[in-house]
Amino acid sequence: MSYVGKSGTFKLGDRTVKRLGYGAMQLAGKGVFGPPKDRREAIAVLREAVESGVNHIDTSDFYGPHVTNQIIKEALHPYKDDLVIVTKVGATRGADASWKPAFSAEALTQAIHANLRNLGLDVIEVVNLRSMFDVHGPAEGSLDEPLSVLADLQRQGLIKHIGLSNVTAKQIEDGRKITDIVCVQNQYNLANRGDDALIDRLVAEGTAYVPFFPLGGFSPLQSSTLSGVAARFGATPLQVALGWLLKRAPNILLIPGTSSRAHLRENLAVADIILSAEAMAELDGVAVA
């Protein structure tokens, strides 16, 4: 089994985490709604991830809703001292599984307490505020009010650190006038490169960048170039896509998700893949944005 520590480490708030983490979204049912088909396997995936050295888990109480956090608690509580659990707020789920903005002070406060309760925590290490001006990608709009609510909850001792998700560079800059922003979580992968300049800036500032949908999300990455590089390295295309992200910038923290132990092992094996400069240059050509 691969040693996750080979992926390197980076600061997330005041904690050092391995750059190869785990995203819990796929532990919920279809459409990130309702319970999983196999709860036992979901628990086994989490336990194997942590046993393999993963110490950064990304989740949210609106996954399910409540489902993934409750599974995390059942599988891993009491938590290892080095385990950093990151959650996000700013949305809620409709009865039809729709995603709805939840930015009011009441909604955000309720969300923090729900995360604490379902995870079995007294304080959350990192809370990301997810912008919902456009569900499908970053869109301008003021986050001052919801960020101020989270900053107040931080002062109350319920949150240690605050990050932002699905945001623009301006929203990050504006957010830093209210509170420290320790990480940014946006969609980014080999083919979707809109945050290239932002990532480079965050590297210089020492801020973690956590790409969601690192493998393309609900439409997995497909490219003849990617497949060709993978064949040369004796890896799968998706492993190479993760390996490219690890080498792209030292502040990138990966959170690939899965509900299968077999797939988890494939993801963690990425720590053993070292892409050459030639392969990186070839893969850079896959970008569509």
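Helices and strands here are DSSP runs numbered from the N terminus, a helix having at least four residues and a strand at least two. The model is a predicted one.

**Salt bridges**

- The structure contains 17 salt bridges.
- One of them pairs the side chains of K88 and D58, with an N to O distance of 3.0 Å. K88 belongs to strand β5 (residues 84–89) and D58 to strand β4 (residues 56–58), so this pair ties together parts that are 30 residues apart in sequence.
- Both partners, K88 and D58, are buried, the threshold for that class being under 20% relative accessible area.
- A further salt bridge joins K170 to D174, whose closest N and O atoms are 2.7 Å apart. These two residues sit 4 residues apart in helix α5 (residues 169–175), a separation of about one helical turn.
- K170 has a relative accessible area of 47% and is partly exposed; D174, at 21%, is also partly exposed.
- R248 and D196 meet through their side chains in a salt bridge of 3.3 Å, N to O. Because R248 lies in helix α8 (residues 237–248) and D196 in helix α6 (residues 196–205), the pair ties together parts that are 52 residues apart in sequence.
- R248 has a relative accessibility of 17% and therefore counts as buried.
- R248 and D196 also belong to a network of salt bridges that links them with R193, D200 and D284.

**Contact between helices α7 and α10**

- Helix α7 (residues 224–233) and helix α10 (residues 277–284) have axes that come within 9 Å and cross at roughly 160°. Angles over 145 degrees count as roughly antiparallel, so α7 is roughly antiparallel to α10.
- The crossing of the two helices, α7 and α10, is left-handed.
- On the α7 side, the contact is made by T225, L226, V229, R232 and F233, while α10 contributes A279, E282 and L283.
- By residue class, the contact of α7 with α10 comprises 5 nonpolar, 1 polar and 2 charged residues.

**Cis peptide bonds**

- Most peptide bonds are trans. The bond between G64 and P65 is cis, with an omega of about -10°.
- P65 is placed in the loop between β4 and α2 (67–76).

**Positive phi at residues other than glycine**

- Most residues other than glycine have a negative phi.
- V32 is not a glycine, yet its phi is positive, at about 60°. V32 is located in the loop between β3 (22–23) and α1 (39–51).
- With 5% relative accessibility, V32 counts as buried.
- H66 is likewise not a glycine and has a positive phi, of about 75°. H66 is found in the loop between β4 and α2, the loop that is also the place of P65.
- H66 has a relative accessible area of 35% and is partly exposed.

Methods:
Residues are numbered from 1 along each chain as its sequence is written. This is a predicted model: local features need pLDDT of at least 70, side-chain atom pairs count only at pLDDT 80 or more; totals for chains, interfaces and linings use all residues. Side-chain values use heavy atoms; hydrogens and water are left out. A salt bridge is a side-chain nitrogen of Lys or Arg within 4 Å of a carboxyl oxygen of Asp or Glu. Buried means under 20% relative accessible area, exposed over 50%, partly exposed in between (1.4 Å probe, protein chains only). Axes are lines fitted to C-alpha atoms, for helices over the stretch in contact, and angles run from 0 to 180 degrees between N-to-C directions. Angles under 35 degrees count as roughly parallel, over 145 as roughly antiparallel, 65 to 115 as roughly perpendicular and the rest as oblique. A crossing is left-handed if the near helix is turned anticlockwise from the far one by less than a right angle, and right-handed if clockwise. Contact means heavy atoms within 4.5 Å. Ala, Val, Leu, Ile, Met, Phe, Trp, Tyr, Cys and Pro count as nonpolar, Asp, Glu, Lys and Arg as charged, and the others, Gly among them, as polar.
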